[in-house]
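Hi,

Here is the model I promised to pass on. Have a look at it first, and my notes follow below.

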4 protein chains.
Amino acid sequence: IRLRALASQRKLKFPVISVNDAHMKYLFDNRYGTGQSTFDGWMTATNLLVAGKKLVVAGYGWCGRGIAMRAKGLGANVIVTEVDPIRAIEAVMDGFEVKPMAQAAREADIIITATGCRDVVREEHLRNIKDGCVLGNSGHFDNEISKRALEELGGKPVRVREFVDEYRFPDGRRIYLLCEGRLMNLGAGQGHPVEIMDMSFSIQALSLQYLSENYEKMLPSVYNVPKEIDNEVARLKLKAMGIKIDRLTREQKLYLSGWEGGT
Amino acid sequence: IRLRALASQRKLKFPVISVNDAHMKYLFDNRYGTGQSTFDGWMTATNLLVAGKKLVVAGYGWCGRGIAMRAKGLGANVIVTEVDPIRAIEAVMDGFEVKPMAQAAREADIIITATGCRDVVREEHLRNIKDGCVLGNSGHFDNEISKRALEELGGKPVRVREFVDEYRFPDGRRIYLLCEGRLMNLGAGQGHPVEIMDMSFSIQALSLQYLSENYEKMLPSVYNVPKEIDNEVARLKLKAMGIKIDRLTREQKLYLSGWEGGT
Amino acid sequence: IRLRALASQRKLKFPVISVNDAHMKYLFDNRYGTGQSTFDGWMTATNLLVAGKKLVVAGYGWCGRGIAMRAKGLGANVIVTEVDPIRAIEAVMDGFEVKPMAQAAREADIIITATGCRDVVREEHLRNIKDGCVLGNSGHFDNEISKRALEELGGKPVRVREFVDEYRFPDGRRIYLLCEGRLMNLGAGQGHPVEIMDMSFSIQALSLQYLSENYEKMLPSVYNVPKEIDNEVARLKLKAMGIKIDRLTREQKLYLSGWEGGT
Amino acid sequence: IRLRALASQRKLKFPVISVNDAHMKYLFDNRYGTGQSTFDGWMTATNLLVAGKKLVVAGYGWCGRGIAMRAKGLGANVIVTEVDPIRAIEAVMDGFEVKPMAQAAREADIIITATGCRDVVREEHLRNIKDGCVLGNSGHFDNEISKRALEELGGKPVRVREFVDEYRFPDGRRIYLLCEGRLMNLGAGQGHPVEIMDMSFSIQALSLQYLSENYEKMLPSVYNVPKEIDNEVARLKLKAMGIKIDRLTREQKLYLSGWEGGT
């Protein structure tokens, strides 16, 4: 988002390929990678059971839905918060409870942010947060959870376990922050599984090659990863996994490109 | 796809809004609607248990993934076939087995097509299909499953139950086709749940209104549903469901539109 | 339960085999059968989408967990009510929200009872029930949902659709009851899928045979289905499904029956 | 099993309470605990993605189904092997593919044993195992996977990463064994989450208390955990989680203990 803001202000000096928009990047890295590595981080940092917990995921973008999917898969009762009405409906239709953070924080055992925005958990939410709640961030910078608000309410934190800081509120509630609010999948986990990084690196390498070969034709703007690169990486990955898929027959290709057939 | 083919051949005489591309349409209608109504059709037509069956879904587009998701949710062991490598990988990462139809048909108890293409199940697949396999179509026209091939191998079918035709192959295998290969969710089921049709009709109505108001500015081309209509329908739907969501604060909006913040 | 009550009061005149306790009975019939047939009934009766709905399941016995599992699989947000603390914890650990009916009824779009007990939804719950809530019973008799209480609050119902009665409360809320509170999977659905009835009938037949052969040795009491019959039915079913499983080697059998091995 | 073998041979000198049979023990410890801690071990040891992998679980007892459930929840395509026909059918009905280990090993990316038996993966399976397969044990002793057979086929292993040994077969295939075949959830993971150990310790403590209070009335045999202890621990746990459940009314208790009511 922010790169595009830069572009629209005409401050971008050269063409950029936004690899984060490649299917093979967001599918693997953001959705499946962040989904798993968040809980790698969780287990390493807390060694607490996920099953049976009320777990709030802030944001239902690719990262958020990866986290929600895995949290559900590990037995949590998942609540989603969103600001976008379409994503909110998707979360509802996927079987998650959707409510505002102000309500969700009152019942959450765990809150994980994945929005790319700031102050997603802020003072108004912390005021009513449930005793013992654990806060972690898998989104972006360490400003998704307001540390300033945590310190205003709970003073200087005490490190109770590697990666876990305890804030003790005046009324006795104890709130836990993982990895000082920085990315918990990188901080406490081992980061993304290797096969995901392979995938992301392939896209970056092929995109750089594409940039170098087509530089002269391109404007100083933000481009998507060319569809061919995306497909090529997918094809290579399937091959490496030993998975075969169907091919369109000649008749099928004709049918799809035409509009005369069908009944 | 086919409308765009028409457009690219310059045979389109007026502007068209492709309502099928609206988020609120494909989310509800194609994914969640088809997902459920396919199994409404299944239960009505066959009264056979889904749990424990090997169920092959041909195609992992919106309809296909709705069907796969619900089949898994009803306890089936789901296999997906695809021709697109990226969709194939998504199916793999979602925990489904992916293989060519030629192999899948050998072990399938149930095959449901949802591709929008023709001859997805054809002679080469039927030759090795498992005895007792039930074939249904939730995709498009009645040519996804080749009835010609079925008749060549099994002769004229016998109606063994309302909506169910039995083809008896010379070697004794019996194959069942639902609703003569026409859409099983419309043929045997009651079609989409009403709340889904509401949604689709809202989009169509608002799109028509948009067309009539903006007709003069538009070219004879295929347009997507304007984002505002999509959002408006989502907002109305959430309200009807009694679900509240968060709103961006002024600071958050600033942050997202800028590129100076963050650490 | 009630047969055993009869037995403990010495009013039972002959030996009885409780086929409902056979693994192959409760697994198939109660868990997987009721799970699917409840939603067959639901779709036939209402044609409403399950995805995105708040669905309350009363009781987390075999039927209840079958229903909860399928409701989740169809995209509902599932809440479970229970009176047994161990079952309640299981439901929590399986990712469901657990709360008392008095609270659950306030937010439910759908309530399905599966307890084998009476008045599971009664006046105190109906007083605060959410407008538009649909009530169905997949448990036992038509007294799980108190029709007396419904009529006291809503008067004589109006049939708004086959299988659906509307009770209109004085404050305008409209509550719907499926199949007059009788079993919705039998009333509106087609009952259990055929392969499940096969299974249940096999157990009944083999149990009757066992009874006739062993009658003289048996007391007028409630017996469980002999383990051999259960296993035999399972073996036959696997064979019919074309599924092979492992066998213990001689060394493994020895190991399992001994206590000397291991490190 | 083995303690009971000891008992049946009359070699047991004192009463024993088999805490492993308590609901609150096997639910938490074996099913949910092992389920999560196995993947804690997996991520720590391998940092490989679970999503998209073919994962074979040997054994569908409480541990096995916990592992299968979580593997599915993390996006794996799960195959189950069993020797018991009823458990095999449960696995089938839960949507898993069931086949003999001899076939499963040919396609597995990951095999995790949870049987309590020995040589579950042995020479005949290793001969045809897929290149790159990772073997781990979450069941019992380090004899579930035959290390003797691994060494016969692959010679002395090379440690390629902490907790991971590589066996290189003469034909070039490389097979990986986690934690030398000892429990991967204890070896590489942090063991069970703390709240699970709390639960297990509570049962052990309350059982010991029961033993000391009732010692004189008990025979030198293997007892189950008394139902009251199980319920008491469940009640305490629910309270600690802040979860309330329903209570039977007086009328309901009467109804359940009688056999006169109902229609």
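A quick definition to start: helices (H or I, at least four residues) and strands (E, at least two) are DSSP runs, numbered from the N terminus, and the expected span of a helix is 1.5 Å times one less than its number of residues. Bear in mind that this is a predicted model, where local features need pLDDT of at least 70, side-chain atom pairs count only at pLDDT 80 or more, and totals for chains, interfaces and linings use all residues. Residues are numbered from 1 along each chain as its sequence is written, chains are lettered from A and ligands numbered from 1 in the order written, and side-chain values use heavy atoms, without hydrogens or water.

Now to α9 of chain B (residues 194-214): its 21 residues reach 30 Å from first C-alpha to last, close to the 30 Å expected. Buried here (under 20% relative accessible area, 1.4 Å probe, protein chains only; exposed is over 50%, partly exposed in between) are Glu195(B), Ile196(B), Met199(B), Ser200(B), Ile203(B), Ser207(B), Leu211(B) and Asn214(B). They sit on the same side of α9(B) because they cover an arc of only 160 degrees around the axis, taken from the directions from the helix axis to the C-beta atoms. Leu208(B), Ser212(B) and Glu213(B) are exposed on the face turned away from that buried side.

As for the A/B pairing, 64 residues of chain B are in contact (heavy atoms within 4.5 Å) with 64 of chain A. The count of salt bridges between them is two, a salt bridge being a side-chain nitrogen of Lys or Arg within 4 Å of a carboxyl oxygen of Asp or Glu. Glu90(A) and Arg31(B) meet in a salt bridge at 2.8 Å, N to O.

Cheers
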